[in-house]
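Work through the exercises below with the sequence and the 3D structure at hand. Each task is followed by a solution in steps.

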Amino acid sequence: MSGSGTKADGSGFDAFRSGWEAEIGDGFPLPTFSPATTRDFRVRSRATTVGDVAVTDLHGASAIRTEGPLDGVEDQVRMYVVQHGSWTLGAPLARAEQTVAAGQFLLRHIGRPLHFETVPDTRAKVLVLPAAMLKPLLGRRQSVSGPADSAEVRLLVAHANMMYDTVADLAPAGVQAAHSTLIELAKAVARRRIDDAEPQLAPALVRAAKDLADSRLADPELSGTMLARELNVSVRNLQRAFAATGEPVTAYIRRRRLEEARLALTAPTGRLSVSELAAHWQFADSSHFIRAFKKLYGRTPTEYARSVAPPRN
């Protein structure tokens with residue numbers, strides 16, 4: 001088990017490789033890259049491993065391309081979730097070449113090492129997964145692809161992100177649970193459906209719902225019902241998952257809106273009025289906003305803004 005924040009920019013490829021080998025180990029070796037890649041290597045990454053699973057987030061400001069013969073056998077399933085740019089698997093002009101564009105994912109069995117190439121400014125999450133439990137679910141094509149905002153992929157990405165934050169502090173039983181949950185979520189991606197009643201998936205469901213809510217806090221339609229619909233789960237099971245955290249989904253949405261309103265009150269320029277903040281963060285009116293703000297922070301929005309205002313000269 002390990003976690004890392006391997007980074008390389010001006011220090012180049014050698015620093016990246018040294019960090020990778022020290023923190024990730026021999027179980028997930030780097031391929032051979034083209035001279036052009038290693039000469040202008042501006043890549044940041046973070047990675048974590050749990051047994052036979054590895055998760056890497058990569059942001060390549062420069063293009064990356066493998067080169068030379070890639071020998072051996074790799075009986076693995078890999079998942080590519082591309083947020084920006086593109087990731088192409090297979091040698092150029094090869095019949096099996098496959099490109100994962102921004103906003104898409106690919107879950108694919110890899111039977112032997114494959115060349116890959118990215119365009120500049122590619123951001124992607126790459127997971128290496130054991131083949132035995134996933135290969136039978138992939139069908140004759142041995143791959144599944146689709147939009148990265150599907151419910152199954154959202155939950156898997158949310159759980160993988162949680163692993164970065166927690167895996168180093170987990171006891172052995174927790175590590176096994178994190179591993180098992182990731183495998184179950186990868187199976188859900190392969191099947192294109194999730195079992196939202198599975199208690200083991202509840203933490204990932206909560207994390208995915210929170211991530212989605214945080215991206216839509218100003219949306220007047222934001223609610224537990226909307227989140228459940230977007231994540232393709234029942235409202236009841238979403239509420240049950242949040243209940244385990246001690247904070248209902250509606251309370252989470254309200255708290256996050258109030259937190260953003262509090263930050264807006266301290267903005268050095270372009271500060272909104274109390275009524276404008278109430279409207280922007282979807283409170284019924286200023287009175288409701290003021291009462292909710294005071295209940296959370298112990299003072300009204302106006303009082304809070306005065307308390308943090310810089311002293312006048």
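A residue is called buried under 20% relative accessible area, exposed over 50%, and partly exposed in between, with a 1.4 Å probe and protein chains only. The model is predicted, so to speak of local features a pLDDT of at least 70 is needed, side-chain atom pairs count only at pLDDT 80 or more, and totals for chains, interfaces and linings use all residues. Residues are numbered from 1 along each chain as its sequence is written, and side-chain values use heavy atoms, with hydrogens and water left out.

**Exercise 1. The chain as a whole**

Task: State how many helices and strands the chain has, and what part of its residues is buried.

Solution. 
- Step 1. Helices (H or I, at least four residues) and strands (E, at least two) are DSSP runs, numbered from the N terminus. The chain has 11 helices and 12 strands.
- Step 2. Of the 313 residues in the chain, 45% are buried.
- Step 3. The C-alpha trace spans about 70 × 50 × 40 Å along its principal axes.
- Step 4. A contact means heavy atoms within 4.5 Å. Among the contacts with a separation of 6 or more, 71% are between residues 24 or more positions apart.

**Exercise 2. The surroundings of T66**

Task: Find which residues T66 touches and what its side chain makes a polar contact with.

Solution. 
- Step 1. T66 is placed in the loop between β5 (64–65) and β6 (76–84). Its relative accessibility of 4% is why T66 counts as buried.
- Step 2. Not counting residues up to four places away in sequence, T66 touches P31, T32, F33, S34, H115 and F116.
- Step 3. A polar contact is a pair of N or O atoms within 3.5 Å; within protein, one must be able to donate a hydrogen and the other to accept it, and residues adjacent in sequence count only if both atoms are side-chain atoms. The side chain of T66 makes such a contact with the side chain of H115, at 2.8 Å.
- Step 4. The T66 side chain also reaches the backbone nitrogen of F116 at 3.0 Å.

**Exercise 3. S86 and D149**

Task: Is S86 buried or exposed, and how far is the C-alpha atom of D149 from that of L231?

Solution. 
- Step 1. S86 lies in strand β7 (residues 86–89). A relative accessible area of 15% makes S86 buried.
- Step 2. Leaving aside neighbours within four places in sequence, S86 is in contact with T99, V100, A101, E117, T118, V119 and T122.
- Step 3. D149 is in the loop between β12 (143–147) and α3. Its relative accessible area is 47%, so D149 is partly exposed.
- Step 4. D149 and L231 are 82 residues apart along the chain, and their C-alpha atoms are separated by 9.0 Å.

**Exercise 4. Helix pairs**

Task: Describe how α3 packs with α4, and how α5 packs with α7.

Solution. 
- Step 1. Axes are lines fitted to C-alpha atoms, for helices over the stretch in contact, and angles run from 0 to 180 degrees between N-to-C directions. Angles under 35 degrees count as roughly parallel, over 145 as roughly antiparallel, 65 to 115 as roughly perpendicular and the rest as oblique.
- Step 2. Helix α3 (residues 151–166) and helix α4 (residues 172–191) pack at about 160°, their axes 9 Å apart. The two helices are therefore roughly antiparallel.
- Step 3. Residues making this contact include L155, L156 and M163 of α3 and L182, L185 and V189 of α4.
- Step 4. Helix α5 and helix α7 (residues 235–243) pack at an angle of about 100°, with axes 9 Å apart. α5 and α7 are therefore roughly perpendicular.
- Step 5. This contact is made by A202, L205, V206, A209 and K210 of α5 and N237, L238, A241 and F242 of α7.
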